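Hi everyone, thanks for coming. Let me put the model up on the screen, and then we can walk through a few of its features together.

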Amino acid sequence: MIIPADEILEELRDALRAACQPTSAERIVRGRERVHALPRAQVLANLEAVAAQVLDLSDYWEYRRLLELAASLDAALTQRLVALGLDHADTDVKEAAQDFRA
């Protein structure tokens with residue numbers, strides 16, 4: 001069965017929120033599992049744009065959770081997301097980026 005692209009993007013939005021915003025480890029893991037269950041090519045092609053839409057990338061917690069998720073998906077994606085935080089004014093965001101720098 002082929003899932004329409006707009007449905008995949010909506011699921012990616014919801015799964016990213018679930019993977020990056022909660023403080024419960026169980027909920028974060030379930031969100032990550034949802035992301036991993038989606039078609040990999042579409043996740044890699046859309047994750048950055050969707051994350052910018054639904055997450056607060058200036059929030060240390062959400063940004064670090066996004067980096068953790070990205071690291072489980074693709075090294076190049078992770079490094080692109082790291083670049084967003086390296087010059088950030090918030091020292092915690094900058095530290096998270098440095099932690100994931102290759």
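How many aromatic pairs does a search of the whole structure find? The search finds zero, where rings of Phe, Tyr and Trp (its six-membered ring) pair if their centres lie within 6.5 Å.

A quick word on the ground rules. This is a predicted model, so to speak of local features we need pLDDT of at least 70, and side-chain atom pairs count only at pLDDT 80 or more, while totals for chains, interfaces and linings use all residues. Residues are numbered from 1 along each chain as its sequence is written, and side-chain values use heavy atoms, with hydrogens and water left out.

Now to the helices, which are DSSP runs of H or I with at least four residues, numbered from the N terminus. The axes of α4 (residues 60–71) and α6 (residues 91–100) come within 9 Å and cross at roughly 10°; axes here are lines fitted to C-alpha atoms over the stretch in contact, with angles from 0 to 180 degrees between N-to-C directions. That makes α4 roughly parallel to α6, a label for angles under 35 degrees.

Who meets whom? With contact meaning heavy atoms within 4.5 Å, Y60, Y63, R64, L67, E68 and A71 in α4 meet residues of α6 including V93, A96 and F100. By class, that contact has eight nonpolar, no polar and five charged residues.

Finally, please look at L57, in the loop between α3 (40–54) and α4. Leaving out residues up to four places away in sequence, L57 touches A51, A52, Y63, L66, L84 and V93.

How values were computed: Helix = DSSP H or I, 4+ residues; strand = E, 2+ residues; numbered from the N terminus. Parallel < 35°, antiparallel > 145°, perpendicular 65-115°, else oblique. Nonpolar A, V, L, I, M, F, W, Y, C, P; charged D, E, K, R; others polar. Phe/Tyr/Trp six-rings, centres within 6.5 Å; stacked < 30°, edge-to-face > 60°.
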